Every structure is written in structure tokens, then in C-alpha cells.
Amino acid sequence: MAILKLHGGKQATCTRRVATVLHELQVPFELIEVDVANGAHKSPEYLKIQPFGQIPYIDDDGFLLYETRAICRYIAAKYPEYGLIPTEPKANALFEQAASVELTNFDPSASKAGLQLWIRKMGYPFPTDDKIIADNLETLEKKLDAYEAILSKQRYLAGETITLADIFHLPYGVFVTYAGSESDSVMNRASRPNVARWYKQLISRPSWLAYLDGVTTTTAY
Amino acid sequence: MVLKFYASPFPVAGGGIVALALAEKQAAFDFVPIDLKTKEQKTAEYMALNPFGKVPAINDDGFVMYESRAICRYVDEKFAGQGTTLVPKGTKERALVEQAVSVESMTLFPPLDKVVWEVVVKPERGLAPDQAIVGKGLKEISDTLDVYEGILGKHRYLAGDDFTLADLVHCGYLPFLVEKGVDIMTAKERPNVARWWNELMSRPTWVKLQAEGMKSTV
């Protein structure tokens, strides 16, 4: 059986999200870099596989799949012993609730602000906008007040154990902190101690630390 | 105790998606209307159900949850073996449904949400739509539907030949555009999208829901 191939970018945000989950599940994978700078993701050959012209996608021994959260769900379902997607119906429903919260209450503002803050930090030659960053961080602050309420009752977003729903908050959960400092940022405020506790747990996981310099082919754990 | 379903009484948006899923699963439920005009969803009592202060939410004999797409998955699982299967059990089949659901959430919904805000919500509040935002949003939606045209040329529904959650989630917000006279779903240049959309809008569960509204089954 061929090694799983992750087609994406070494530093690309969504590629990193998939790599983090692959690492959590100890799945060997080969990173195949897509030459986004030269428009490889918009070529007719690429569009046949990913018709929206986006990265990443995976090739799992011939099974092609795109959309990072669908990819992560597929891999997690193959290795249920890690518990990243609970299977008991109510626990599963609470996982889906938390995953939907990330999608609708976190990602819209976190990805807009986070992408721009990441571009600035990496020094990429793309335009950024102070107002877009500020407005989205303001929205995110309010959403995280609801997170504080949830995380004051339980350790992780879907219950007492970590699930994909928590991990989906990477990497944008880290990028939005680039607007602050290590001791005071939107994810780490004295006024939201439970969010800070949860955030610190996420970023100390080996799966996040493994790719701090970018995603690399990983064949052994 | 029968499942309690909290939503605004109009079969649209997130509440509409859940109402359609409950109908597809032939599920029994007690409907509890939440009045968005008086901001009932922001009261302390409601926010005990959903700390984000949004509708819909359910309380299934003490099991409380929110987020319409998550509720649909739970309802599909709880009532497995009756009605329509919204998420197939096979690993790869399910992955393809999740792929299509993710496209709706991440690519179609963001501009659609903005356009609906401009053409539906603002006029209700006596405000004029910003045509620049509407134009930009409709272009993004149209570009996504061009990709759907290719996908729907290969199979009947978005994730294969069966109706699934991936198709169902499109019934919450796109109908707003159609109602406002935006002809985007039946454009002649996209015959596959038009065919698929007409099939969705003729589903008996959908037709009945729009005709009768949100009604307790008990």
C-alpha cells in the first residue's frame, strides 16, 4: 500500500492543519509541494482533482479527497482508537457541535485576521490591511467570551478529552496571537483564563511543535 | 420526553435546515418558537442552551446542543434506520459527503451570508443594500456554482447519486436569493445545477415544510 501523499504547501495554513492531524494519528505521509507561486493549483490537470483550485488534497493509495476538515475526519475515522472523533452518539454529536462552532464562530474572523498577521510575520509580498485585522480581532474577542463560558465547565470543546474540534483551531489560533505578545494576546488574556489554559495545551502538543518550521514528509514517529 | 426544537418560526436559515432534516428522518419533535425580533435568542434563559446566542438549538430529553449542521448529524444518527440516510456509513462515501459539506460551509456560505444580509436583513430594518457588496458576493457564488456544474455533471447529487446532508445544507440560505428574484440557481449556462436545484426544491419534505411551516409533530 502506497504512503499517503499530502499535496500542499510546506508553510501553507491548511496544509499545516492536515499535517498536525496526521501527526496526532501517527500516519506516515509524503508532502508533495504544489507550486502555488506559479499557479500550479489552477492548471487544468490540478482542477481535475481539486475543481476549486485550492490546496491541500490527499491521495490515499488512489483515493483522492480535498477540504481539510473532511480530510481530517476521514483519517481520524480510520484510527478510532485515538478518540479524535468520539463514536458514541451523544459524544459524537457534541463533537460535531464543537466542530461547527469552530467553523462558524471562530474561523471566519480568525482566518481573516490570522492570514494577514501570518503574511506580515513571514514577510510575504502580499498586501495587508490594519482595519481588516483589527475588525476581525474585535469580532474574535467577543466569540472567545462564549468559549470562556464553555471551557470553564469542561477541559476541551467537546468534553473532557481532546477531539478534532480543538485541533481545527490550529494554525489560525496561533496566527491571531501574532498581534499580541506571549503573555497577552487574544488567545491568552488574563480575563479569559480557561481559553488561555486550553490554548496553551493545544500549542504544547508534539503534533503542533513538529511542524513549527513548516510541514515535512514524515515517515517515522 | 420528546425532542424539543428551538428556532425562529420561519423555515429558513439554520432552523430551516434542521426542520428539513427532522422531516427527512420522520422524527417526532416539539417545536418551541424563538422570537428574533425581541432578541429572545440573547436572553439568559436561551443562552443557557446556546452560549453563542443563536438559533437553532435542541433539547433531547436533557441532551442539549446547537449548530444546525451538527444537529442534523445527530438527528441522522439517532433516527438511523428510518427516513433518508443523510450521512452514509461507508468510510469513503462518508468522506465524500464531508468534503461536499465542507465546500458549502467554507466556500459557498461566506459570500452567501453577506449577500443575504444585504438583500434580506437590511431592507427589513429599513436600510438600503450595498450593491457593491451584493455584486461581489453574487460573483463569488456564481464562480462556485460553475464548479458545482462540473461536479453535478458526474453524479446526481453533490456527493454521489443519493441525496445527502451535503445537498440538504444548501436549502437554508440559497432559497432567500431565489425569493428575491436572483436567478442564480436556474441560470441557463448551468443546466446541471438547475436540474439539481429543481430536484431539491421539489422534494416532498421541502414542499411540505414551506407550505406548513415549523410545526410540532406531537
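Which residue of strand 3 of chain A stands opposite A:K5? The residue is A:D59.

Some ground rules before I go on. This is a predicted model, where local features need pLDDT of at least 70, side-chain atom pairs count only at pLDDT 80 or more, and totals for chains, interfaces and linings use all residues. Residues are numbered from 1 along each chain as its sequence is written, chains are lettered from A and ligands numbered from 1 in the order in which they are written, and side-chain values use heavy atoms, with hydrogens and water left out.

Back to the strands. Helices (H or I, at least four residues) and strands (E, at least two) are DSSP runs, numbered from the N terminus. Two strands pair if DSSP finds at least two bridges between them. In chain A, strand 1 (residues 4–8) pairs with strand 3 (residues 57–60) in the antiparallel sense, over 3 bridges. Strand 3 also runs antiparallel to strand 4 (residues 63–66) of chain A, and 4 bridges join them. Look at A:D59 again: its bridge partner in strand 4 is A:L64. The hairpin of strands 3 and 4 of chain A has 2 residues between the strands. There, A:D61 takes a positive phi near 50°.

Next, the two chains together. Contact means heavy atoms within 4.5 Å. By that rule, 29 residues of chain A are in contact with 29 residues of chain B. Buried area is the accessible area (1.4 Å probe) that two parts lose on being put together, summed over both. Chains A and B bury about 2700 Å² between them, with 69% of it on carbon and sulfur atoms. On the chain A side, A:F52, A:E67 and A:Q97 lose the most area to chain B, together 21% of what that side buries.

Now the charges. A salt bridge is a side-chain nitrogen of Lys or Arg within 4 Å of a carboxyl oxygen of Asp or Glu. There are 2 salt bridges between chain A and chain B. One of them joins the side chains of B:R73 and A:E96, at 3.3 Å, N to O.

Which elements of chain A give two or more residues to the side that touches chain B? They are strand 4, helix 3 (68–78), helix 4 (89–122) and helix 5 (130–151). Helix 4 of chain A gives the most, with 12 residues.

Last, chain B. UniProt, in an unreviewed entry, places "domain: GST N-terminal" at residues 2–83 of chain B. Positions are given in the numbering used here, feature names are shortened, and annotations may be inferred rather than shown by experiment. Over residues 2–83, chain B is 33% helix and 20% strand. The end C-alpha atoms of that stretch are 18 Å apart.
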